[in-house]
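Please look over the structure shown here before reading the notes that follow.

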Amino acid sequence: MATKGTLSSSGRPYAWYFEPLRWLLLGLAHLPLAVLYLFAEVIYFLLAYVVRYRWRVVTENLRNSFPEKTPAEIERIGKAFYRHFSQVIIEILKLAAISPEELRQRMRFVNPELMTRHFAEKRLVLSLGSHMGNWEWILSGAALEFPGRAAGVYKPLNNLFFESFMRRLRTRLGADAVPMLATLRYLVAHRGEGRTLSLLTDQAAGPEDRPYWTDFLHQDTSFYTSADRLAVQLDCAVLYVGIRRVRRGYYEVTFTELPDGREAKQAPAGTFPVTEAFARQLEKDMRASPEQYLWTHRRWKHKRS
């Protein structure tokens with residue numbers, strides 16, 4: 001049996017032999033990003049040319065999503081994705097040490113007034129994001145842009161060390177990290193306070209999730225519908241969160257109004273206007289910057305029954 005060691009963020013102990021890894025990761029995180037991007041180039045070479053990490057999944061996803069593109073274009077986008085992904089890996093690690101001032105410089109919120117207007121009305125805001133750009137920096141950036149008002153939903157990891165490490169990355173600059181199963185409880189507890197809860201809603205919804213099916217990038221695609229249900233139940237405003245890397249290490253975040261809870265409540269039965277509007281916005285962003293999407297996950301693994 002493994003010897004118990006340092007407590008995780010959940011209060012449960014993880015094994016002592018993870019401590020050297022923790023100190024190694026923290027040491028790397030304190031290096032300047034300019035140095036870390038050199039490591040990113042090594043990661044890129046390994047992923048794209050040596051290990052070829054999920055290359056078959058990436059190219060299949062790209063071919064199916066963009067049938068109009070030539071094999072050479074698919075190859076180019078795939079390689080550009082691996083470079084972007086490698087940079088995102090070290091940028092996420094940098095959250096362990098990055099200063100608030102540096103992150104503010106690197107994360108520009110184009111139209112924050114769309115969010116603050118709802119805060120002034122004391123409404124809950126569902127911020128619907130995806131695995132575009134740097135999805136982990138958005139939450140920390142929002143915590144700095146909207147102090148005391150930003151939280152993000154996440155799926156807890158089975159490994160206690162990595163669960164603890166990732167939770168601390170996500171919360172060290174002031175955001176709340178909400179386990180997926182505690183989403184409704186969190187929203188109810190903070191109703192009427194003017195807060196935003198971020199959900200990444202582009203994962204592949206399975207049959208047990210009562211998914212919404214729509215044509216998305218030339219494919220029959222399932223989406224989670226929790227945003228529609230939560231918006232109606234708690235009268236939430238809903239914003240699409242678009243993020244775009246403008247150059248290495250610098251991102252722009254743009255909010256777009258989606259149908260809110262009142263509009264969704266008036267929609268015909270069996271329709272999901274929030275989810276459909278989210279899908280169309282995400283599709284637009286993925287077409288504009290395909291290399292900035294996370295193509296390694298099996299987005300289309302489920303089939304409509």
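**Briefing: cavities, a pocket and helix packing**

The lining of the second largest cavity is made up, by class, of 5 nonpolar, 2 polar and no charged residues, where Ala, Val, Leu, Ile, Met, Phe, Trp, Tyr, Cys and Pro count as nonpolar, Asp, Glu, Lys and Arg as charged, and the others, Gly among them, as polar. This is a predicted model, in which local features need pLDDT of at least 70 and side-chain atom pairs count only at pLDDT 80 or more, while totals for chains, interfaces and linings use all residues. Residues are numbered from 1 along each chain as its sequence is written, and side-chain values use heavy atoms, with hydrogens and water left out.

**Cavities**

- The structure holds 2 cavities of 30 Å³ or more; on a 1 Å grid over the protein atoms alone, a cavity is a set of points where a 1.4 Å probe fits but cannot get out, a pocket is an open set with protein on both sides within 12 Å along at least five of seven lines, and lining residues have an atom within 4 Å of a point.
- The second largest cavity has a volume of about 30 Å³, a volume being the space filled by probe spheres set on the grid points, which are joined across faces, edges and corners.
- The residues that line the second largest cavity are Leu128, Thr201, Phe223, Tyr224, Ala227, Thr275 and Phe278.
- The largest cavity has a volume of about 90 Å³, and of the 14 residues that line it, Ser127, Ile138, Ala142, Thr196 and Ser198 are the closest to its centre.
- At least two residues of the lining of the largest cavity come from each of helix H7 (135-145), strand E5 (150-154) and strand E7 (196-200), with helices (H or I, at least four residues) and strands (E, at least two) being DSSP runs numbered from the N terminus.
- By class, the lining of the largest cavity has 11 nonpolar, 3 polar and no charged residues.

**The second largest pocket**

- The second largest pocket has a volume of about 220 Å³, and among its 13 lining residues Gly242, Ile243, Arg244, Thr254 and Asp285 lie nearest its centre.
- Strand E10 (237-247), strand E11 (250-258) and helix H12 (273-288) each supply at least two residues of the lining of this pocket, whose residues divide into 4 nonpolar, 5 polar and 4 charged.

**Helix packing**

- Helix H2 (residues 33-50) and helix H4 (residues 71-94) pack at an angle of about 135°, with their axes 8 Å apart; axes are lines fitted to C-alpha atoms, for helices over the stretch in contact, and angles run from 0 to 180 degrees between N-to-C directions.
- H2 and H4 are therefore oblique to each other, since angles under 35 degrees count as roughly parallel, over 145 as roughly antiparallel, 65 to 115 as roughly perpendicular and the rest as oblique.
- The crossing of H2 and H4 is right-handed, a term used if the near helix is turned clockwise from the far one by less than a right angle, with left-handed used if it is turned anticlockwise.
- Residues of H2 including Leu36, Tyr37 and Ile43 meet residues of H4 including Tyr82, Phe85 and Ile89, contact meaning heavy atoms within 4.5 Å.
- Helix H3 (residues 55-65) and H4 pack at an angle of about 125°, with their axes 10 Å apart, and H3 passes H4 in a right-handed crossing.
- In this second contact, Trp55, Val58, Thr59, Leu62 and Arg63 of H3 meet residues of H4, among them Ile74, Phe81 and Tyr82, and the residues of the contact divide into 7 nonpolar, 2 polar and 3 charged.
- The axes of H7 and helix H8 (residues 160-171) come within 8 Å and cross at roughly 45°, and the two helices are therefore oblique to each other.
- Glu136, Leu139 and Ser140 of H7 make the contact with Met166, Leu169 and Arg170 of H8.

**Alanine 277**

- Alanine 277 has its place in helix H12 and touches Leu258 and Pro259, not counting residues up to four places away in sequence.
- The C-alpha atoms of alanine 277 and asparagine 158, which are 119 residues apart along the chain, are separated by 33 Å.
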